[in-house]
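Thanks for coming. I will go through one structure and keep to what can be read from the model.

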Amino acid sequence: MDDAWQLTAMTKIEVVVGGEESAAVAELFAEVGATGFTAVSNVSGLGHDGYHQGRLLFNDRNGLALLMVVLPSDRVADLLDGLRALLTSRPGVLMVSDTYVSRPEYFQ
Amino acid sequence: MTETVSPTSHTRLLVELDEAARVIGPLWPLGTFIAVNPFWDLRQLGFDGAVSVARMVFGVHGLPGSDYVTEALASGRVTSADVVRAAAELADGTTGMAGISDDLAGWSATPSDSADDVNRQVTKWCAAFLAGKLPGAPDAAFYLSWHATVRFDPGTRALLGRHGRALLADLPNRAEDAIAWCLDELGLDRDGWRRELVTQLAALPGWAGHGKWRSRWAPPGAPGPALDLVDFVAVRLAYDTVWRKQRSAQSASLVPRASIRPQAIHDPRSVPGLSHAARAALATLDRDRASSAWLLAMEHHYRDELLGLLGSTVVEADTNPDAQVVCCIDARSEGIRRHLESVGNYETFGFAGFFALPMRYTALGAEPVDLLPVLLSPAVDMEERAAVGQEDAAQRRLAGEQARAQGGHAFSQTRGNAVAPFMLAEAGGFVAAPILAARTLGPARFARVRGRLSALVAPTAPTQVDADPDRTGMPDEEQALFAETALTTMGLTRGFAPFVVLCGHGSTTENNPHAASLDCGACGGNRGADSARAACAILNRPPVRALLSERGIVIPDATYFVAAEHDTATDTFSFFDLHLVPEQHVGTLARLRDDLARAGAALAAERMIDLDPTVGGEAVAAVHHRSADWAELQPEWGLARNASFIVGPRTMTVGADLQRRAFLHSYDTDVDPDGTALETILTAPMVVAHWINMQYYFSTVDPEVFAAGDKTVHNIVAGIGVTEGAGGDLQVGLPLQSLFVGERGFHEPMRLLTVVEAPIARIDEVIARNPVLRELFGGQWVHLAARDERSAPWMLHRVDGSWVPWDPQTTPAPRNDSPTNEQEVTHG
């Protein structure tokens, strides 16, 4: 990353879970001090359980949801511990990647 | 003591708690009370697996008891032949258990002495917190409020002594830390956490259920004190830990609220009246499977009767009805649809009562309210406004309503004061006494007088729901998409009558904490009129119709949509926004109102047979009396005896008396080639119907745990829930008077039967791509029968996903006992 951009390194965690698990995931985000996150309900895509069409019109909870949070790296381990425990008993996908943000104070 | 545990443990701990909380159902506040499947979060285990967990955790039976099946056999609702077939079906079956049931396998609730004492303390704090009586309310967290106050509490000292109280006061400041400390003090490793957390939740499933609603279902930022699940468990576990440490009691402290009832223990294989063949068939099963066989037998009996009623003849719908009436899928609508069709040239439809509009709605001068199924989040904000030119009248109405509200508030405040009630009695007693007497002796007349007085204080003013794209933020294109979805899903895309009524529903009752349970579940436990008004406002807009026309749905210019509401307590109908109705429709509307009044009177007479068969020809007056009577325990039967969910055109069911037991969802396979509408129907309205069905089921088979107890001793706690008597756990489920007549069950506990008329290949595709449907049908939470088309044979869906032809074994009973529609009863 070009230093001229003055970006700050962070970690991005994305979770795809059943819509009704969204509140539990958001609770874990809050537990490690995340001050914000992004959630998209009724997402579609192909997984090992087949194709999820994301087209439930009157039901936000039984489709899949994508939740995304960006954190300083020192808080990631705590969150991952909880998310991995959550995903031992429920279907879902967890993705962790390095990312950069321009306003790090938003993510402290 | 005050050291904190690693945050790593916190996140793991929260997940453990979330997993443990699968054993309890969320409990909605009274104002938006809805029926839920108390084991919705265990649905992955299948019905049998969830019942197994319920037995371990709550000590319940989970199946109809022998007393019930004995009565069902005697009354012909099940036969020995049904039992033989069901027993044979179960002989090969297996019960799948996984997940949390593995963790709990072999474990059962262990009674000890602490539960009552601990519960008394914890419920006291919960109620005080929700009533805003603790420091920091309503913004502070429950655990923090309790923690700041407990050091001064004499009740805690009486239970735990000074030292024990000091231990609680010295707990960490974070609920998660307190839980972790307690689990450590109890010597539990992580493998033991879950059972302990389940124990804590199951000890008070009502308050825990409220916490689960707040933590998992309430909209973010919902107003009022937030008693969440973590805080609740922290407080209960803290008391329990200190109590057990003091007494060196290491066992779990759960006292099951119900021990397995004697009648359930009574051997279901030796029910009086069974044939030898049925006894022999049941003898091959263990007791639990024999109980399951009885349930299955009753369900098959109902299924065979129902499918026998649904004819195989193709009946063309009348192409020129005077009006089309779209009612909610609620089982109570079946009655009014049947009677309305018999008194005039009307076509009726069934559709979820929020009319596909997931709306946050603000009535004139009121706070916003979410009018939508709880499976959805609001997607649009709409408001009620004064009609054009009626702004002054609306202002007068608002001023009157505010004055009335202030008067009520002052009266409530006065009653809450220590001395003022005596002065109030002196000053106002001479007025209040006659009012009380009138309200008690002539409730219906009192209600009419009160209504007139209310209209004097706050005169009605014409209003309308504003559908302007600029003000709603809902552009024409989006409104057209909503309209297309609604019309396509209900199968009303052509052949529009000049007049289309969207008819919501609500129930007018007095002194009824569970009133919301009688309102519209698809509107989140609210009345349905405003959803109907909003949908009509959109469907009448010319820009929306122009866009619909481009999409192939041509609504004639002469067609007008009007909103109405069915009061299910009185079977009367209100129409809305009549000042907007074009002149050419006035005559049709007047005829329709007359016919609805006749149909409502006939339905009232039909319903009174169940409520009070001695009333006879006074049925209309009787339902009004029940609606207005503040001492009435059974104003209506609500959704009791619900049993099926039928998806198909009305021609499939028209003429059949389904006895208000069927949720009817209209569906036209021809306008849904890709199955989108069918998928919507099965994944949302059917799920809501299943919740209702399971709420009634568990409330009936195990009322000690899953019903809300006796209405006559209910006390309302902070407007959130009810307790039986002065305190204790919040009561979950439905009141006994909504389920039983004395000791006899009125509701017939059966799992929902879904009946679909649509290509089976399409149904399979929809099931395959929706895990929730695989869980419901594969787990035997819901039975499924279907046929490709009217002339095709019925097929039954099996647990493994295959289909077998329906083989009727019983002859449908004649259904000619419904009242005629010719009664000369003046309605309203």
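Predicted model: local features only at pLDDT ≥ 70, side-chain atom pairs only at ≥ 80, totals over all residues.

Is Asp577(B) exposed, partly exposed or buried? A residue needs 20 or more other C-beta atoms within 10 Å to be buried, and 12 or fewer to be exposed. Asp577(B) has 19 C-beta neighbours inside 10 Å, so it counts as partly exposed.

Gln6(A), which is not glycine, has a positive phi near 55°. Gln6(A) sits in the segment before β1 (8–18) of chain A. Around Gln6(A) there are 10 other C-beta atoms within 10 Å, and therefore Gln6(A) is exposed.

Now chain B as a whole. It has 30 helices and 19 strands. Chain B runs to 828 residues, and 52% of them count as buried. If we take the contacts in chain B between residues at least 6 apart in sequence, 75% of those contacts join residues at least 24 apart.

Next, the sheets. One open sheet in chain B has six strands, in the order β11-β10-β16-β17-β18-β19, and its pairing is mixed. At its edges are β11 (662–665) and β19 (803–805) of chain B, each of which pairs on one side only. From one strand to the next, the twist averages 20°. Within this sheet, β17 (782–787) and β18 (795–797) of chain B run antiparallel and are joined by two bridges. Ala786(B) is the residue that stands opposite Met795(B) in β18(B).

A second open sheet in chain B has four strands, ordered β4-β3-β5-β6, again with mixed pairing. Which strands are at its edges? They are β4 (369–371) and β6 (463–466) of chain B, and each pairs on one side only. The twist in this sheet averages 30° from one strand to the next. Strand β3 (359–362) of chain B pairs with β4(B) in the antiparallel sense, over three bridges. Across that pairing, Met359(B) stands opposite Leu371(B) in β4(B).

Strands β12 (714–717) and β13 (721–724) of chain B run antiparallel and are joined by four bridges. Asn715(B) stands opposite Thr723(B) in β13(B). Three residues lie between the two strands of the hairpin, and Ala718(B) in the turn has a positive phi of about 50°.

On to helix packing. Two packed helices are described by the angle between their axes and the distance between the axes. For α19 (443–457) and α25 (619–628) of chain B, the angle is about 70° and the axes are 7 Å apart. What does that angle make them? Angles of 65 to 115 degrees count as roughly perpendicular, and α19(B) and α25(B) are therefore roughly perpendicular to each other. Their crossing is left-handed. On the α19(B) side, the contact is made by Pro443(B), Ala444(B), Phe446(B) and Ala447(B), and on the α25(B) side by His624(B), His625(B) and Ala628(B). By class, this contact has five nonpolar, two polar and no charged residues.

Last, the contact between the chains. How many residues does each chain give? Chain B gives 24 residues and chain A gives 25 residues. On the side of chain B that touches chain A, α1 (7–20), α11 (205–217) and α26 (676–683) of chain B each supply at least two residues. The most comes from α1(B), with nine residues. By class, that side of chain B has nine nonpolar, 10 polar and five charged residues.

That is the end of my part.

Technical notes: Residues numbered from 1 in each chain as written. Chains lettered and ligands numbered in written order. Contact = placed C-beta atoms within 7 Å. Nonpolar A, V, L, I, M, F, W, Y, C, P; charged D, E, K, R; others polar. Pairing = 2+ DSSP bridges. Axes fitted to C-alpha atoms, helices over the stretch in contact; angles between N-to-C directions. Parallel < 35°, antiparallel > 145°, perpendicular 65-115°, else oblique. Left-handed = near helix turned anticlockwise from the far one by under 90°.
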